Amino acid sequence: GLHARVLQDLDLCPVLSAVRWWLVAPVRAVYCVLCRVRNHGDGMNRKAWFADVLKRYNRIAIVGGPRAGKTALARLADRHVIHTDDYRTRSWEAVPHAVIADIRDLEADSLSRGNRWIIEGVQVARALRKGLEVDVVLVLNEPLEDLTTRQEGMRKGVMTVLASWFADHKDVPIMQAPPVTDIDKEEAQES
């Protein structure tokens, strides 16, 4: 398909072949991730789609780059939400391990909602790669507003990490959220 053709074209051009390692990794990562994504939300607004997801899955990971609507979507949840942004005071390397430990504590707490939780943030992909177990991954790949160069790099990095994780976790469903609609915007203004 298109992915194979892009790789073949890069091999044919000596200049592009020399920088292939730089160009292909992000293209391959996004391609691999999006090939497995199920668009379950066709024709639904985000809120209705998410309500359906909440009925079907207990442990939900919401992943995507900056400004994709992960936190806004998680606010609609009927369960405990872990925001990886809350771990910003820790070192980048420590965040995935701290998140996993906190989720284990949450699941062990009999007074909590047990294994009904959501985790969201740009660090979620790294936590998945470090061993976080979930029932479904929701991908929000399109930013809702313009990104800085740094944020765009972060978005590509998240997709690269996801592609690596997805390759070894074919049994975990991956769903892409429907685009934000006018209905979603109206409901957000009302709340």
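Modeller: With the naming: helices (at least four residues) and strands (at least two) are DSSP runs, numbered from the N terminus. Keep in mind that this model is predicted.

Colleague: Which helices each supply at least two residues of the lining of the largest pocket?

Modeller: They are α5 (70–74) and α8 (149–167). Of these, α8 gives the most, with 3 residues. The pocket has a volume of about 570 Å³. Its lining counts 23 residues, and Pro-66, Arg-67, Asp-85, Arg-88 and Val-122 lie nearest the centre. By type, the lining divides into 8 nonpolar, 7 polar and 8 charged residues.

Colleague: How do I read the two faces of strand β1?

Modeller: In a regular strand, side chains alternate between the two faces of the sheet. In β1 (residues 59–63), Arg-59, Ala-61 and Val-63 are on one side, while Ile-60 and Ile-62 are on the other; all are buried.

Colleague: Which strands are joined to β1 by bridges?

Modeller: Strand β3 (residues 117–120) runs parallel to β1 and is joined to it by 4 bridges. There, Trp-117 is the bridge partner of Arg-59. Strand β4 (residues 136–139) is also parallel to β1, again with 4 bridges, and its Leu-138 stands opposite Ile-62.

Colleague: What covers the buried residues of helix α6?

Modeller: The cover includes β2 (80–83), β3 and α7 (124–129). Among the buried residues of α6 are Val-95, Val-99, Ile-103 and Leu-106. The helix has 14 residues and spans 20 Å from first C-alpha to last, close to the 20 Å expected at 1.5 Å a residue.

Definitions and conventions
Residues numbered from 1 in each chain as written. Predicted model: local features only at pLDDT ≥ 70, side-chain atom pairs only at ≥ 80, totals over all residues. Heavy atoms only, no water. Buried < 20%, exposed > 50% of the residue type's maximum accessible area, 1.4 Å probe, protein only. Pairing = 2+ DSSP bridges. Expected span 1.5 Å × (residues − 1). Contact = heavy atoms within 4.5 Å. 1 Å grid on protein atoms, 1.4 Å probe; cavity = no way out; pocket = protein on both sides within 12 Å on 5 of 7 lines; lining within 4 Å. Points joined across faces, edges and corners; volume = space filled by probe spheres on them. Nonpolar A, V, L, I, M, F, W, Y, C, P; charged D, E, K, R; others polar.
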